[in-house]
Amino acid sequence: MKTLLSFWCRATGWLVAATSHTISLALPLLAGTVAFEVFSRYVLDRPTLWAYDVSLFLFGYIGALCGAHAQLKKSHINVDIVYLAVSQRWKNAFDLLANTLGGFFLLVIATKGWEKAVEAMEFGYTRQSEWAPSISHFWIMVTAAAVLFLLQLSADMIKDTWQLLTGEPLLTEEEQQ
């Protein structure tokens with residue numbers, strides 16, 4: 001059982017890290033889009049129709065798809081004054097409670113995001129701008145980001161439950177990196 005749970009946690013961590021590292025490659029694209037718009041607007045005096053929408057979508061993709069990576073690296077906000085003062089078992093219990101609440105929220109986001117994606121595809125919804133690009137891809141990304149985050153929460157909850165029940169970590173320090 002430990003082998004299977006360890007595999008799930010490591011595989012999930014790999015998927016989250018690979019996704020966030022891949023989407024981080026969009027950062028230069030985002031910077032280039034903004035720089036091109038500034039150049040086009042102020043030097044050429046010919047603003048683009050598309051740059052604002054593209055930068056908005058890229059920023060949304062980067063922010064949403066990297067949220068699970070922040071969870072993987074434990075870099076989300078925590079109330080350290082309480083958290084650091086309790087034993088490891090209490091930390092695991094706090095994490096389980098927080099991850100359960102967060103998981104419920106993400107489940108709602110994933111469900112509603114998918115509903116909005118289907119609706120956007122069915123009715124051909126576009127963004128209300130001059131360029132008017134389709135927004136279905138954005139709702140698909142919201143759904144994918146929520147599912148990815150849920151996968152990471154599941155791995156964290158497995159690790160916390162294991163340590164709460166056995167008193168020992170499921171993964172070694174090296175395996176968690």
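The largest pocket in this predicted model is lined by 42 residues, and those that lie nearest its centre are Gln71, Leu72, Lys74, Asp95 and Asp156. Two or more residues of that lining come from each of the elements α1 (2–23), α4 (67–72), α6 (88–123), α7 (136–166) and α8 (173–176), and among these α6 gives the most, with ten residues. As for the space itself, the largest pocket holds about 1100 Å³. If we sort the residues of its lining by class, we find 17 nonpolar, 15 polar and ten charged.

Let me stay with α6 and turn to its packing against α7. Two packed helices are described by the angle between their axes and the distance between the axes. Here the axes of α6 and α7 come within 7 Å and cross at roughly 160°, and because angles over 145 degrees count as roughly antiparallel, α6 is described as roughly antiparallel to α7. The crossing of these two helices, α6 and α7, is left-handed. By class, the contact of α6 with α7 has 21 nonpolar, twelve polar and five charged residues.

Finally, the aromatic rings. How many aromatic pairs does a search of the whole structure find? The search finds six, and I will show one of them, the pair formed by Phe36 and Trp50, which is stacked, with 5.8 Å from centre to centre and 20° between the planes. Phe36 lies in helix α2 (residues 26–42), whereas Trp50 lies in the loop between α2 and α3 (51–65), so this pair ties together parts that are 14 residues apart in sequence.

Technical notes. Residues are numbered from 1 along each chain as its sequence is written. This is a predicted model: local features need pLDDT of at least 70, side-chain atom pairs count only at pLDDT 80 or more; totals for chains, interfaces and linings use all residues. Side-chain values use heavy atoms; hydrogens and water are left out. On a 1 Å grid over the protein atoms alone, a cavity is a set of points where a 1.4 Å probe fits but cannot get out, and a pocket is an open set with protein on both sides within 12 Å along at least five of seven lines; lining residues have an atom within 4 Å of a point. Grid points are joined across faces, edges and corners, and a volume is the space filled by probe spheres set on the points. Helices (H or I, at least four residues) and strands (E, at least two) are DSSP runs, numbered from the N terminus. Ala, Val, Leu, Ile, Met, Phe, Trp, Tyr, Cys and Pro count as nonpolar, Asp, Glu, Lys and Arg as charged, and the others, Gly among them, as polar. Axes are lines fitted to C-alpha atoms, for helices over the stretch in contact, and angles run from 0 to 180 degrees between N-to-C directions. Angles under 35 degrees count as roughly parallel, over 145 as roughly antiparallel, 65 to 115 as roughly perpendicular and the rest as oblique. A crossing is left-handed if the near helix is turned anticlockwise from the far one by less than a right angle, and right-handed if clockwise. Rings of Phe, Tyr and Trp (its six-membered ring) pair if their centres lie within 6.5 Å; planes under 30 degrees apart count as stacked, over 60 as edge-to-face and the rest as tilted.
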